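This report describes a protein chain, beginning with a single residue and then widening to the whole chain and its domains.

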Amino acid sequence: MSETAGTPCVLLCVTGCIAAYKSCETARCLQRAGARVKVLMTEHATHFVGPTTFRALTHEKVAVGLFDDPEDPIHHISLAQEADVVLVAPATANILAKMAHGIADDLMSTTLLATKAPIVVAPAMNVGMWEADATQENVRTLQRRGVHVITPDSGYLACGDVGGGRLPDPWRVADLALMAAGEAGPLAGEHVLITAGGTHEPIDPVRFIGNRSSGKMGAALARAASRQGANVTLVLGPASIEPPAGVRCVRVETAAEMLAASEEAFEDATIAICAAAVADYTPAKPADHKLKKTEERLDTVELTETVDILAALSARKGERTVIGFAAETSNVVDYALAKLSRKGCDAIVANDVSREDSGFGTDTNKAWWIDADGTHEMPCMSKEGLAYEILRRATKS
Ligand code: CTP
């Protein structure tokens, strides 16, 4: 177990795969979440990332060879005993096969065989290798023995193929490892309210006014908050996404329903994040029957303004932290600054929805964090990664 009480020790095992470079980020994510990280690499992994990089990141000796440490001739046993959780990321087909068959012929495989700590593996490889019967059989064997296997993402692979085999976002890998170690998470005790998706404002029982929101950013926030131990209520308007597991989801259709559900959940909330694209106007008199274009006027719809949910919550926020979003296509920071003061929230996450890699339906976002201390530009990153950044800033952790 870790020498420092309350600080989990993660043994990060890096194997020889092009995704090894992502393990540098995984090590950082683990550290940011409060873990002590020790790195163990296979010889092959050192061809992709140098041990010096991990040594500099972790301030710990990096273990590679069975007989490298003259002061510790049974290094695999001390590494195995010290870890609160062992994370193999990326895990090649080779290490999965060795683990499944109990082969112990180097420092990593002997350590994995010796440890009593929970083991989490994040496989990453070519899609053919991942889908091979041998690999799938080995994965099932490991799962049967209680090893946590993080399913690889699908997408473009380094070899040029498209399919399953990508190492997931470092944040996700780090989180799942810490949860396997029984960590409560940095947001334990927080009640987080998130609004997400768009709204549908009825013109009649068939037609509505809607928008392009996919709900992905809100879902990423809900997932990240829940994974970090928060109690999460997601007030979700019409959207293409499924609510994440473990999150209380209240489904709504209209801006008025979203307001009512949000105000109710706000009572117990400690943090509220308004990521929904709420309609600014709603038909003043929605028809109770389908309007017929030959008989009724359909070329004009009388509209009335909706209540600004973010402003309404901010007006009675008390000790709570309230965060809003600003989806802009020009003058992103200036418009967002104006929204920060107009709505009275603690911070605004501004994003440029005119970019191909940002906004509605994309998996990435380019955003700025704007609060009383100033404007911080963030690099374009996955919505999952941005969700963690937002939560970290919201809680100033
Ligand atoms: N918002 C809200 N309720 C509304 C409108 C907006 O809670 N009725 C929230 C959004 O969830 C977001 C922020 O306000 O957090 C900014 O939304 P946005 O659509 O960018 O701004 P608007 O206030 O609608 O201003 P405009 O459309 O002029 O940009």
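Thr233 is located in strand S11 (residues 231–236); helices (H or I, at least four residues) and strands (E, at least two) are DSSP runs, numbered from the N terminus. The model is predicted, so local features need pLDDT of at least 70 and side-chain atom pairs count only at pLDDT 80 or more, while totals for chains, interfaces and linings use all residues. Residues are numbered from 1 along each chain as its sequence is written, and side-chain values use heavy atoms, with hydrogens and water left out.

Is Thr233 buried or exposed? With a relative accessibility of 10%, Thr233 counts as buried, where buried means under 20% relative accessible area, exposed over 50%, and partly exposed in between (1.4 Å probe, protein chains only). Leaving aside residues up to four places away in sequence, Thr233 touches Val192, Leu193, Ile194, Arg248, Val250 and Ala265; contact here means heavy atoms within 4.5 Å. With Arg248 there is also a polar contact, side chain to side chain, at 3.1 Å. A polar contact is a pair of N or O atoms within 3.5 Å; within protein, one must be able to donate a hydrogen and the other to accept it, and residues adjacent in sequence count only if both atoms are side-chain atoms.

## The chain as a whole

The protein chain contains 13 helices and 21 strands. Its C-alpha atoms fill a box of roughly 85 × 45 × 35 Å, taken along the principal axes. Of the 397 residues in the protein chain, 53% are buried. Among contacts with a separation of 6 or more, 66% come from residues 24 or more positions apart.

Helix H1 spans residues 22–32, and its buried residues include Lys22, Ser23, Cys24, Thr26, Ala27, Cys29 and Leu30. An α-helix has 3.6 residues a turn, so residues three or four places apart point the same way. The cover over the buried residues of H1 includes strand S1 (9–14), strand S2 (36–41), helix H2 (51–58), strand S3 (85–91) and H8. Just after H1, Gly34 adopts a positive phi of about 100°.

## Two domains and their interface

The domain assignment, which is automatic or taken from a database, divides the protein chain into domain 1 (9–181) and domain 2 (191–395). Seven residues from domain 1 and eight residues from domain 2 take part in the contact. The C-alpha centres of the two domains are 37 Å apart.

About 680 Å² is buried between domain 1 and domain 2, and carbon and sulfur atoms give 55% of this area. Buried area is the accessible area (1.4 Å probe) that two parts lose on being put together, summed over both. Trp171, Arg172 and Asp175 supply 59% of what domain 1 buries against domain 2, more than any other three residues.

One salt bridge is counted between the domains, a salt bridge being a side-chain nitrogen of Lys or Arg within 4 Å of a carboxyl oxygen of Asp or Glu. Three residue pairs (both at pLDDT 80 or more) are in polar contact between domain 1 and domain 2. On the side of domain 1 that touches domain 2, helix H8 (residues 170–180) gives the most, with five residues.

## Salt bridges

The whole structure holds 19 salt bridges. Glu389 pairs with Arg32, their closest N and O atoms being 3.0 Å apart.

Lys98 forms a salt bridge with Asp105 at 2.7 Å, N to O, and another with Asp106 at 3.4 Å, N to O. How exposed are these residues? Lys98 is buried, with a relative accessible area of 11%, whereas Asp106 is partly exposed, at 22%.

Lys366 and Glu377 also form a salt bridge, with the closest N and O atoms 2.7 Å apart. Because Lys366 lies in the loop between strand S18 (364–365) and strand S19 (367–371) and Glu377 in strand S20 (residues 374–377), the pair ties together parts that are 11 residues apart in sequence. Lys366 is buried, with a relative accessible area of 8%, and Glu377 counts as partly exposed at 48% relative accessibility. Salt bridges that share partners also join Arg32, Glu389, Arg392 and Arg393 into one network.
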